[in-house]
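I opened the model today and kept notes as I went. The entries follow in the order I looked things up.

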Amino acid sequence: MREAETILSEVKVFLNTKGNIEVEYNNVPVDDFYKVMEEKLPEYENTHMIAEFIKRVKKLSDIYYKDINKLLT
């Protein structure tokens with residue numbers, strides 16, 4: 001990964017060593033994103049738009065996580 005890149009959202013579905021499917025997801029907290037952007041790039045114009053995108057992806061990740069876990073139980 002280049003220095004100027006960061007992962008905003010990530011979903012992993014994997015098979016563990018016991019043969020079980022597991023789902024893991026991580027999203028950058030919106031408040032943390034705002035804080036970093038204000039400190040490091042206060043002139044950046046798209047901070048609010050990206051924060052809203054992160055919120056939407058978080059909601060979709062939550063739904064995806066719940067739906068997969070329903071299938072696995």
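**Entry 1. Terms before I start.** I call a residue buried under 20% relative accessible area, exposed over 50%, and partly exposed in between. Glu52 has a relative accessible area of 33%, so I log Glu52 as partly exposed.

**Entry 2. Confidence.** The model is predicted. The average pLDDT is 91, and 95% of the residues score at least 70. Then I went through the elements. Helix 1 has the highest confidence, at 95. Strand 2 (residues 21–27) has the lowest, at a mean of 90.

**Entry 3. Salt bridges.** How many salt bridges does a search of the whole structure find? I get two.

I took Glu52 and Lys55 to begin with. Their side chains meet in a salt bridge, at 3.1 Å from N to O. The two residues are three apart in helix 2, which means about one helical turn separates them. Lys55 comes out at 36% relative accessibility, so Lys55 is partly exposed. Glu52, as noted, is partly exposed too.

Next came Lys58 and Asp62. Their side chains form a salt bridge at 2.9 Å, N to O. Both residues sit in helix 2, four residues apart, about one turn of the helix. Lys58 has a relative accessible area of 34% and is therefore partly exposed.

**Entry 4. Ser61.** I stayed in helix 2 (residues 47–72), where Ser61 is placed. Is Ser61 buried or exposed? Ser61 is buried, because its relative accessibility is 5%, against a cut-off of under 20%. I then listed what Ser61 contacts, leaving aside neighbours within four places in sequence. The partners are Ser9, Val11, Tyr25 and Asn27.

**Entry 5. The nonpolar core.** Which residues make up the largest nonpolar core? I find six: Val30, Phe33, Met37, Ile50, Ala51 and Ile54. Helix 1 (30–40) and helix 2 each give at least two residues to this core.

Not counting residues up to four places away in sequence, Ile50 touches Leu8, Phe33 and Tyr44. Phe33, one of these partners, is also listed in the core.

**Entry 6. The nonpolar patch.** I turned to the surface. Val11, Val13, Leu15, Ile21, Tyr64, Leu71 and Leu72 form a nonpolar patch there. Together they have about 690 Å² of accessible area. Strand 1 (9–15) and helix 2 each supply at least two residues of the patch.

Leu15 is a patch residue, and its place is in strand 1. I looked up its exposure. Leu15 counts as exposed because its relative accessibility is 60%, where the cut-off is over 50%.

**Entry 7. Glu24.** Last, I went to strand 2, where Glu24 is found. Its relative accessibility is 35%, so Glu24 is partly exposed. I checked the spacing to Val11.

What does Glu24 touch, not counting residues up to four places away in sequence? My list reads Glu10, Val11, Lys12 and Phe14. Val11 has now turned up in several entries. Val11 is in the nonpolar patch, in contact with Ser61, and in contact with Glu24.

Definitions and conventions:
Residues are numbered from 1 along each chain as its sequence is written. This is a predicted model: local features need pLDDT of at least 70, side-chain atom pairs count only at pLDDT 80 or more; totals for chains, interfaces and linings use all residues. Side-chain values use heavy atoms; hydrogens and water are left out. Buried means under 20% relative accessible area, exposed over 50%, partly exposed in between (1.4 Å probe, protein chains only). Contact means heavy atoms within 4.5 Å. A nonpolar core is a set of buried Ala, Val, Leu, Ile, Met, Phe, Trp, Tyr and Cys residues joined through side-chain atoms within 4.5 Å. pLDDT is the predictor's confidence in each residue, from 0 to 100. Patches are made of residues with over 30% relative accessible area and no salt bridge: like charges are joined within 9 Å, nonpolar side chains (Val, Leu, Ile, Met, Phe, Trp, Tyr) within 5 Å. Accessible areas come from the Shrake-Rupley method with a 1.4 Å probe; for residues, only the protein chains shown count as cover. A salt bridge is a side-chain nitrogen of Lys or Arg within 4 Å of a carboxyl oxygen of Asp or Glu.
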